[in-house]
Amino acid sequence: MMEIGLNHYLVLSTILFAIGLVGIMRRKNLLLLFFATEILLNAVNIGFAAISHYYGDLTGQMFAFFVIAIAASELAVGLGLLIVWHKRHGTIDLDTMSSMRG
Amino acid sequence: MFEAIAFYLFAFLTISMFYITVTTSQALYALTALAAGMIFISAFFFILGADFLGAVQIIVYTGAVMALYAFGMMFFDTTRDVKEKQGNKFIIVGLSTVAAVLVVMIFAAPILSDNITAFYPTIEGAGNTQEVGMVLFTKYLIPFEVAAVMLLVAMISGIVLAGKKMDLSITLMSNAEIRDMKKDQNKKVLS
């Protein structure tokens with residue numbers, strides 16, 4: 001109990017990942033969907049860093065860096081698209097984006 | 001002992017912050033809770049000895065990402081309550097938990113089966129930042145350069161997408177000009 005091992009970190013990573021998935025499934029607002037994706041990426045980062053530490057290998061930290069870079073660029077492009085959409089339609093709800101009605 | 005206390009404290013704080021982020025109906029609360037959660041996550045990196053990663057986490061997430069979100073939120077109407085999807089809560093939570101467990105299993109099963117050896121073992125007598133530099137600029141040089149190009153592409157696309165009509169100022173224009181611009185905009189945005 002008092003000794004923190006790899007499993008503790010993996011369980012924490014799972015919990016945070018589940019929270020992020022719940023956010024993705026229940027949010028309608030696209031901005032808050034982006035928040036949920038950030039939570040997912042951070043949960044994975046914790047897993048990478050923990051494995052990197054407990055196996056004495058730096059590869060996990062490297063991948064965490066690349067995940068952070070991808071998160072930053074995804075955010076820049078996503079927010080740009082969101083601003084264009086908001087200028088055009090005045091709303092960022094997911095339901096308004098169904099242009100193909102089946 | 002200290003490690004255990006720190007781990008449980010920050011695990012509780014992180015989970016509660018992210019819980020607020022996904023459940024609150026105010027976009028501003030979600031933003032602030034997300035920023036706090038990001039800082040608490042960097043604490044795990046410091047506990048795990050990944051000092052450079054922790055510093056990058058604080059700088060990139062709470063410095064750059066949160067500032068970008070804050071500026072982005074100025075464009076949107078964030079004062080009203082956010083509407084939620086009306087769905088079965090148990091199905092959502094159950095599906096999420098199953099999916100998260102599966103993803104972590106996919107990652108952890110080959111590692112926990114104990115037939116893994118360290119590709120780039122940590123170097124004795126070097127600080128974490130030094131180790132990261134050594135590995136990043138020898139073994140991971142090409143991914144590093146590709147990530148740099150990707151960030152450049154993202155920057156250019158962000159400027160192109162968000163920077164339309166930023167050379168115009170509505171306060172300095174006459175009403176007729178604004179009306180013309182609005183008429184134009186309906187035709188031209190996204191073209």
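## Model and confidence

Residues are numbered from 1 along each chain as its sequence is written, and chains are lettered from A and ligands numbered from 1 in the order in which they are written. Because this is a predicted model, local features need pLDDT of at least 70 and side-chain atom pairs count only at pLDDT 80 or more, while totals for chains, interfaces and linings use all residues.

The model scores ipTM 0.89 and pTM 0.83. For chain B the mean is 82, with 82% of its residues at 70 or more. Where pLDDT is low, the predicted coordinates should not be read in detail.

## Helices of chain A

Helices are DSSP runs (H or I, at least four residues), numbered from the N terminus. The axes of α1(A) and α2(A) come within 8 Å and cross at roughly 170°. Axes are lines fitted to C-alpha atoms over the stretch in contact, and angles run from 0 to 180 degrees between N-to-C directions. The two helices are therefore roughly antiparallel (an angle over 145 degrees). Contact here means C-beta atoms, placed from the backbone, within 7 Å. On α1(A) the contact residues include A:Leu6, A:Leu16 and A:Ile24. On α2(A) they include A:Leu33, A:Ala43 and A:Tyr54. By class, this contact has 18 nonpolar, five polar and no charged residues. Ala, Val, Leu, Ile, Met, Phe, Trp, Tyr, Cys and Pro count as nonpolar, Asp, Glu, Lys and Arg as charged, and the others, Gly among them, as polar.

Just after α3(A), A:Gly90 takes a positive phi of about 75°.

## Helices of chain B

α1(B) covers residues 2–23 and α2(B) residues 27–47. Their axes come within 8 Å and cross at roughly 155°. These helices are therefore roughly antiparallel to each other. Among the contact residues are B:Phe7, B:Phe10 and B:Phe18 of α1(B), with B:Phe40 and B:Phe44 of α2(B). The contact divides into 17 nonpolar, three polar and one charged residue.

α2(B) also packs against α3(B), residues 51–73. Here the axes come within 8 Å and cross at roughly 170°. That makes α2(B) roughly antiparallel to α3(B). The contact includes B:Phe45 and B:Phe46 of α2(B) and B:Tyr61 and B:Tyr69 of α3(B). Its residues divide into 15 nonpolar, four polar and one charged.

## Interface

In the model, 60 residues of chain A are in contact with 71 residues of chain B. On the chain A side, α1 (6–26), α2 (30–54) and α3 (59–89) each supply at least two residues. The largest share, 22 residues, comes from α3(A). By class, the chain A side divides into 39 nonpolar, 15 polar and six charged residues.

Methods: Two residues are in contact if their C-beta atoms, placed from the backbone, lie within 7 Å. pLDDT is the predictor's confidence in each residue, from 0 to 100. Angles under 35 degrees count as roughly parallel, over 145 as roughly antiparallel, 65 to 115 as roughly perpendicular and the rest as oblique.
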